[in-house]
Structure formats: C-alpha cells, structure tokens
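Welcome! Please take a look at it before going on to the notes below.

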Amino acid sequence: MKELAHEISARFSELGVEIPIGEIEERLDKMINKFKVPKDEARRSVVNYFLKSYNIKRNEFYTGQSESPLINISDVDDGKWANIRGKIVQLWDNTHESISQVGLIGDETGTIKFTIWESAGLPQVDEGKSYFLKNIVVNEWNGKFQINVNKSSSIESLDEDIEVGNATVEFKGAMVDIQSGSGLIKRCPECNRALTKGACMEHGKVDGVYDLRIKAVMDDGSSIQDAILKKEQVEEITGTTLENAIAMAADALDQGVVLEKMKDSLEGRYYLVTGSRVDRYLIVESISPIFEYDSSELDELIAAAEVI
Amino acid sequence: MAGYTREVARRIFAQEFRESNLTFKDGDDQYAPQYLLTPTGAKVNRVFIVGTLIEKEDIGTDSEYWRGRVTDPTGSFLIYAGQYQPEAAQVLAECETPAFVAVVGKPSTYTTNEGDVLTSVRPESLHVVDGETRDMWVIETARCTLDRLRSLEDLSPNAQRAKEYYDPDVKHYSSMVSQALKSLKETY
C-alpha cells in the first residue's frame, strides 16, 4: 500500500501538485482495509478525489501513464497509439477551423503528416523545432499514414535538434513513363516553384530560372514508384548538362525537345534508384542503369520452372 | 482524382497474352478501367514489353496507322499506333527493323466475325533499346509469370476467376517460361 501511495504521489508531483503522502495513505487505508475495496478501485477512487480537489483534468493525469510505445516514424501502423520524437519539418496552411495546425514532422527514419486538432487545446508548435509527441494516434487517409494529436495527447518541446533522416529506399524496375513537368523547366526566382506557362502559382508572371528535373514512373511489374530526379541526377544519367539543354531548346525554339530526348534515352530501360521517400515520391539521390541480369537468377528460375 | 493510382504495367509473355480473351471492367462507370485477365491470373490494364520489332507496316488509309510485330521467346505481340499515339507512331515510322523495342501500352481486344478474340497492344510509349534490356525483361517476365502460377492455388479473386474461366494447364505455362529462359542460355 505504501508503494501505491508513493506512486500516486509521484505522479501528482510530476503535474506540479504536492500531496502529503500521509493523506494519500490514509485514504487508501480507509478504502482497502476498512471498506474492503479492491486495490485498483481504491487507487482510482483516491486519484479521482485528488484530481477533483486540485482541479486537474483527468486526461492530463492519465496521459503520462500512457502505455503508448515510443516508435520511429517509419514504423507507424494504422490505428495504433504511439509516442513520437520528431522535428517539425513544415507547417502547412490550415484548411479547417477544427484543425489547429497541420504539417510534416520528421525523425531519423522519415517524415509523416501530422494534424493537431483544435480540440486538443495544445500550444502551437514552431517549424524547425523538435518535440516529443505523446499519445498520438495513427490513421490512414488516402492510402497514407498520418498522425493525429488529439485531446488525450501532449506535446513537450525538446532542446535537442533531431536530424530528419530519410530512410533510404531502393527501387529496381523499368522506367515506364516520364511525366509532363519534366525536362527543361523554369522555376520561380522567389519561391523555387516550377512555373506553369511562365507563371508562378504564388508570384504570377516572373522571369523564371532554368532547371532540369525528371518526374519518372518506375515499375517492377508488381508495384509502381514515382521518382523525382533533380538536376544533378538528370545531368548524370542523360549526359546532358543544363547548359546543353538550354542550347538545345534555343536551337529548336522549343523546350519540349529536351523532354523528348530524355524520354527516348531513358524510357523502357531498367534502373536502380535509391533515395528518400517523401509522400508518394522517391527523391532520387542516385540512379544507375542496370546493364545485365544476374546469371545465377536465370539458373534459379529455370530450376523453379521445372518444379511447378 | 482522389484515390487514383496508376496501373502497374504487367509482364506477360506473348504466348500467354495471345491466349487471353477475358476482358472486364471494375464497376459500371463508363470511365472504369478495362482489364484483360490472363490464364495465369494477371489482371492487366497496362503492359510492359521488351522484344524485337520484326515487321512494321503503315496500314492507315487517310492518316498514318502503324502496325508492328514485336516478338519475345514465346511468340509475338501486335502493336497498333495511330494518330492518338503520336510518339509511338513516330518511332515506328522512323525506326529500322529488326530492332529491340520497349513498349508500354494498354491491352486491347478485337473479336472477329468467327468469334475469336485477338489481343493487341496500344502503345503509350515505344522506344528502341538494347539487347541487354530485352534479356532482363525475359528474366523479369519469367519471374512474374512463375509467381502468378504459384499463386494460382491461392484464393485471390484474380486467380479464382482465371481458374474458373480458363482452367489453365499449369505445365503448359511453366514449360513456356522454361523455354523462354533457356533461350537466353543459348545466346550466351
């Protein structure tokens, strides 16, 4: 019983309320020994009594007790409660009055969308800062996981700076499509967004800055992976530098020739891409063509075909 | 476009593709994608083929309409590209035969007056590639086909439906795969 009393007292002092241990013991003793209340029930009743008398919200008391495991962002699973340590990578525009903040949070293993609901009544988080999110719940929306910070969750700010890593992923397959918006493009000098028809969504008509990029679809026969190649990778894999591409476009009076050439040299071929996954895209850090098959795989498959 | 996901390009050998004749749609919506179900249970809305373009012919009357024949170790695919597949039609118009080509396209079927179903491919893209790419495709297609044969016993809806409709002879397809794989050995 002493243990129980200490436990309760410790939990309350975490919340900044010091209750004389004798007082707790006395109440417990009365319940358990005199009125024959089971231990668990006695505990609950005593806790509730003090919560009421010190005006503490029940969920504040119980969140700390949560059994939610601390997990990595790459390991989140639908419907599970969890604790997450991460850095706010981006805050997005709030789209609904019931949402307090929405954005992207990341840890060493990846990034995920988070929503802090207005009803959670929590203080605002800042972009670039690291936090410990307790008792959040994971759900799936539109085929992607996201985390929800609700009224039973809590947020603690962390002093350390969590490095947002991106779990490196690998995809091996055929490049089956290069999508529009690839090739030689222009970006807004203000915000770096790709221009559409010479205009930035945010800043209107601007003098764009040339860049190279490829939005590719990789396909291995059982799944697809959208991949984005930045200038460095595009130059490496196509052998066409940005200057060459600009010159090609100037010669032809058409930016489209660059895209056509890329399609012609890349589509329908096999590549191994590695990079980090952001949303549905794989941001490619390296891409290499696959030149030949593994002859041991050939033998294995021949053997496998025999036994079917 | 909520919930839209791109269809995976399936890997199928020409022989299996030719022996497929069951097409259906998921749902009644007029924009619902059309699928071709193959005897080994591949539900196909897009294919990826790498093979040898051995014949090509402009069979159009008013505008260009190209027909190409692309072979793999088990048979050949017919490819049709017209004004709505300008990129593929242009490559067909310009390339020499024979050539290794990679095709990404949609399966389409045509029912003859006799009631036979002919399958062909309407290319989204068509490019000249090298022989290594073609060999890798054969390996990959073999692997995908064997995986499908193995899972024919499963209760997945595609496998079930393929079994009911085609009653496929597993040996027939495993020996097709085997033959395709062994053809790679001969060239090396």
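Two strands pair if DSSP finds at least two bridges between them. Helices (H or I, at least four residues) and strands (E, at least two) are DSSP runs, numbered from the N terminus. This is a predicted model, in which local features need pLDDT of at least 70 and side-chain atom pairs count only at pLDDT 80 or more, while totals for chains, interfaces and linings use all residues. Residues are numbered from 1 along each chain as its sequence is written, and chains are lettered from A and ligands numbered from 1 in the order in which they are written.

**A sheet in chain B**
- Strands β1(B) and β2(B) (residues 34-37) run antiparallel and are joined by 4 bridges.
- Across this pair, B:Phe24 stands opposite B:Tyr35 in β2(B).
- Both strands belong to an open, antiparallel sheet of 3 strands in chain B, ordered β1-β2-β3.
- Its edge strands, pairing on one side only, are β1 (22-25) and β3 (43-44) of chain B.

**Where the chains meet**
- Chain A brings 28 residues to the contact and chain B brings 33 (residues are in contact if their C-beta atoms, placed from the backbone, lie within 7 Å).
- On the side of chain A that touches chain B, α8(A) gives the most, with 7 residues.

**Two helices across the contact**
- The axes (lines fitted to C-alpha atoms, for helices over the stretch in contact) of α8(A) and α3(B) (residues 131-150) come within 11 Å and cross at roughly 35°, on a scale from 0 to 180 degrees between N-to-C directions.
- Residues of α8(A), including A:Leu298 and A:Leu301, meet residues of α3(B), including B:Ile139 and B:Leu146.

Notes
Contact = placed C-beta atoms within 7 Å.
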